[in-house]
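Have the structure open and follow along.

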Amino acid sequence: MTALEEFDNFYTVELLPAMDKLKAECASADNWGYMALFSFLLFVGFGIAGLTQNGLHATGMISIVAGILGIVSLYFYAKRNDAFNDDYKELVVKKIIDHVVPGTSYKPDFCISQKEYKVSGLFRTCYDDYFGDDFMEGVYKNISFRCSGLETKYENNSTIFKGFFFNARLSNWFSGGTYIWDRDFEQLPASMMDEYRMMPMPHVVRIPISGKNFNQYFSVCSTTPYEAVSLLSGERIKQILELRQKLNTAMAISFVAGHCYVGIGTADDLLDSGAYKPDDKEQVMKSYVTISLIPEIINGLSLTELI
C-alpha cells in the first residue's frame, strides 16, 4: 500500500465519520458571524440616520437594539468558533497523531519551550515575539521527542522562523554543538552589530563537507570538530540531503549536548482546519504530512544509531 493509499483509507475510515459534526459547528459559527456583521451594519446605518435626523427616537432605539444584538451575536460566534476548533483538534488532529505516532501526548495550546529554541542554536537572532501551538511529546523507536508548531518575530512583526520545531533526546556521548544551517540563513555574525543582535553561543569553527549538492543547501559549523566528523558520516550527510530535497523547504539541524534539534520552515499554520472547511481533504492531508515528520526525521536521520 502506498503512502497516499494509506492516507485515503485512514481518512475514509477514521476521519470522515466526524465531518458532519464539524461541518454543523462551522455552519453555526458562520450564522452567528453573519448575524454579528448584519447587526453592526444596522447599528452604524441607523446611528448615522439618527444623527442626521436630529436624534429621531425610533431610529436611535433601532440602533441601540442592533448594537446589543451585534454584541450577543459576536459572543456566540466566538463560543461556537472555539467549540469547532477544539473538536477539530480532538476529532482530526489527535486521531492522526494516534495513528502515526501512537501514545504521543498532545497539547493544542502549548508549544516547545523558549529554552529549547535558544539552546538549539538553529535561529540565533534575538526575537521580540515567541508563540506556537500543537505541542506533541512521546517516544518513537526508543527516541524521546518533543515538537510543535512555532513562530518567532521581530518587533516590527517580520518573521524570524515559522514552522515545525523538533527536539529528540539522544546520547550524552556528544557534549558539544554541531550546527547544520541553511546556507542562506547561516547563524554567524557578519559584523559587531550582528553579534549584538544574536543570542550567545560557544565559539565554532567551520566544518568542510565534501559534496557539491550538500553544500548547495547547508553550511556546517561545530564547537567540537571530532564530534562533528562522527555525527556527520557519509551516510548521514546523504540522509540530510535527501530529507531536504524531499521536503523542498528550508531546514536547519543541530546536535547539541545529547539532543538533535530540527527546524523546518513553512508559510502555513501547520495543523489548522483551513478556513472552516473541516472536510477539505487536501488540508487534512497537510496535517497528516506534518505529523508524519516525526517518524520521517527519526528514520531519515538514523537517530536510533545515536542513543
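Which elements do the buried residues of α8 pack against? In this predicted model, they pack against β5 (177-182), α6 (212-217), β7 (218-222), α7 (225-231), β8 (251-256) and α10 (293-300).

## Helix α8

Let's look at the helix itself. α8 covers residues 234-247, 14 residues in total, and spans 20 Å from its first C-alpha to its last, close to the 20 Å expected at 1.5 Å a residue. Its buried residues are R236, I237, Q239, I240, L241, L243 and R244.

## Aromatic pairs

Now for the rings. The model has 20 aromatic pairs. One of them joins Y117 and Y130: the ring centres are 5.5 Å apart and the planes stand at 80°, so this pair is edge-to-face. Y117 belongs to helix α4 (residues 114-120) and Y130 to strand β2 (residues 129-140), so the pair ties together parts 13 residues apart in sequence. Y117 is buried, at 0% relative accessible area, and Y130 also counts as buried, at 17% relative accessibility.

F145 and F166 make a stacked pair, because their planes are at 15°, with ring centres 6.3 Å apart. Here strand β3 (residues 143-153) supplies F145 and strand β4 (residues 159-169) supplies F166, so parts 21 residues apart in sequence are tied together. Both F145 and F166 are buried.

## A cluster and a charge

Y117 and Y130 return in an aromatic cluster, formed by Y117, F123, Y127, Y130, F161, F165 and Y261. Do look at K107 too: its charged end sits over the ring of F110, 5.7 Å from the ring centre.

Definitions and conventions. Residues numbered from 1 in each chain as written. Predicted model: local features only at pLDDT ≥ 70, side-chain atom pairs only at ≥ 80, totals over all residues. Heavy atoms only, no water. Helix = DSSP H or I, 4+ residues; strand = E, 2+ residues; numbered from the N terminus. Expected span 1.5 Å × (residues − 1). Buried < 20%, exposed > 50% of the residue type's maximum accessible area, 1.4 Å probe, protein only. Contact = heavy atoms within 4.5 Å. Phe/Tyr/Trp six-rings, centres within 6.5 Å; stacked < 30°, edge-to-face > 60°. Lys NZ or Arg CZ within 6 Å of the ring centre and 35° of its normal.
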